[in-house]
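I open my notebook on a new structure today. I will look up a few residues, then step back to the whole chain.

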Amino acid sequence: MSKSPLPKKITVGVSISLSGKFRLQGGQARRGIQLWVKHINQQGGIYLNERAQSLPLRLIVYDDRSKTERAKGNVLRLLKEEQVDLLFGTYSSVLTMAVASIAENQKKILWNHGGASDTICQQGWRYVVSVLSPASSYLRSLPSYLTMREPSLRQLLCLTASSG
């Protein structure tokens with residue numbers, strides 16, 4: 001039985017906001033991903049097996065214009081036409097929620113680096129890997145940190161809000 005040949009590269013795809021209301025954060029995310037790709041390629045690529053074979057990364061970036069429908073279309077294009085091997089999520093919880101179901105339906109891992117809504121983590125998706133902590137836990141350790149830094153502190157008032 002013959003093994004299928006290794007591909008010549010690993011294609012990384014991302015739909016990110018390079019225009020619209022999330023353009024600042026989208027631009028920062030794109031730059032971070034570009035630096036990661038550059039670093040990996042300078043190190044010889046990603047090593048796939050015990051024979052030390054490695055493959056370089058190729059990055060495809062589409063502007064979702066901070067729009068849900070555009071992000072969905074981009075992700076479908078990345079998965080179906082470009083056949084990316086690695087899919088990074090977009091920026092913002094709203095856009096991430098919109099594209100996560102597509103990745104789930106296509107059984108393709110979505111590396112979620114830009115959506116922190118608790119709702120994303122509560123969906124039970126099997127193909128979404130979240131890098132961020134859910135937003136509700138961002139300041140969870142603040143009271144203990146404050147009392148550790150300021151032992152004379154006797155009272156704290158914490159206000160929270162929930163969407164809904």
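**Entry 1: Asn112**

I find Asn112 in strand E6 (residues 110-112). Helices (H or I, at least four residues) and strands (E, at least two) are DSSP runs, numbered from the N terminus. I note that the model is predicted: local features need pLDDT of at least 70, side-chain atom pairs count only at pLDDT 80 or more, and totals for chains, interfaces and linings use all residues. Residues are numbered from 1 along each chain as its sequence is written, and side-chain values use heavy atoms, with hydrogens and water left out.

Is Asn112 buried or exposed? Asn112 has 0% relative accessibility, so I log Asn112 as buried. Buried means under 20% relative accessible area, exposed over 50%, and partly exposed in between (1.4 Å probe, protein chains only). A polar atom of the Asn112 side chain lies 3.3 Å from the backbone nitrogen of Gly114.

**Entry 2: Asp64**

Next I look up Asp64. I find Asp64 in the loop between strand E4 (57-63) and helix H2 (68-81). Asp64 is buried, yet has no salt bridge. A salt bridge needs a side-chain nitrogen of Lys or Arg within 4 Å of a carboxyl oxygen of Asp or Glu. The nearest side chain of opposite charge is Arg70, 7.5 Å away. For charge, Lys and Arg count as positive and Asp and Glu as negative; His and the chain ends are not counted.

Which side chain makes a polar contact with the side chain of Asp64? I find Ser17, at 2.6 Å. A polar contact is a pair of N or O atoms within 3.5 Å; within protein, one must be able to donate a hydrogen and the other to accept it, and residues adjacent in sequence count only if both atoms are side-chain atoms.

I also list contacts (heavy atoms within 4.5 Å). Leaving aside neighbours within four places in sequence, Asp64 touches residues including Ser15, Ile16, Asn74, Thr90 and Leu95.

**Entry 3: Aromatic rings**

I count two aromatic pairs. Rings of Phe, Tyr and Trp (its six-membered ring) pair if their centres lie within 6.5 Å; planes under 30 degrees apart are stacked, over 60 edge-to-face, and the rest tilted. Trp36 and Phe88 have ring centres 5.7 Å apart and planes at 70 degrees, so I log the pair as edge-to-face. Trp36 sits in helix H1 (residues 23-42) and Phe88 in strand E5 (residues 86-88), 52 residues apart. Trp36 is partly exposed at 30%, whereas Phe88 is buried at 14%.

**Entry 4: Whole chain**

I count five helices and seven strands. Of the 164 residues, 30% are buried.
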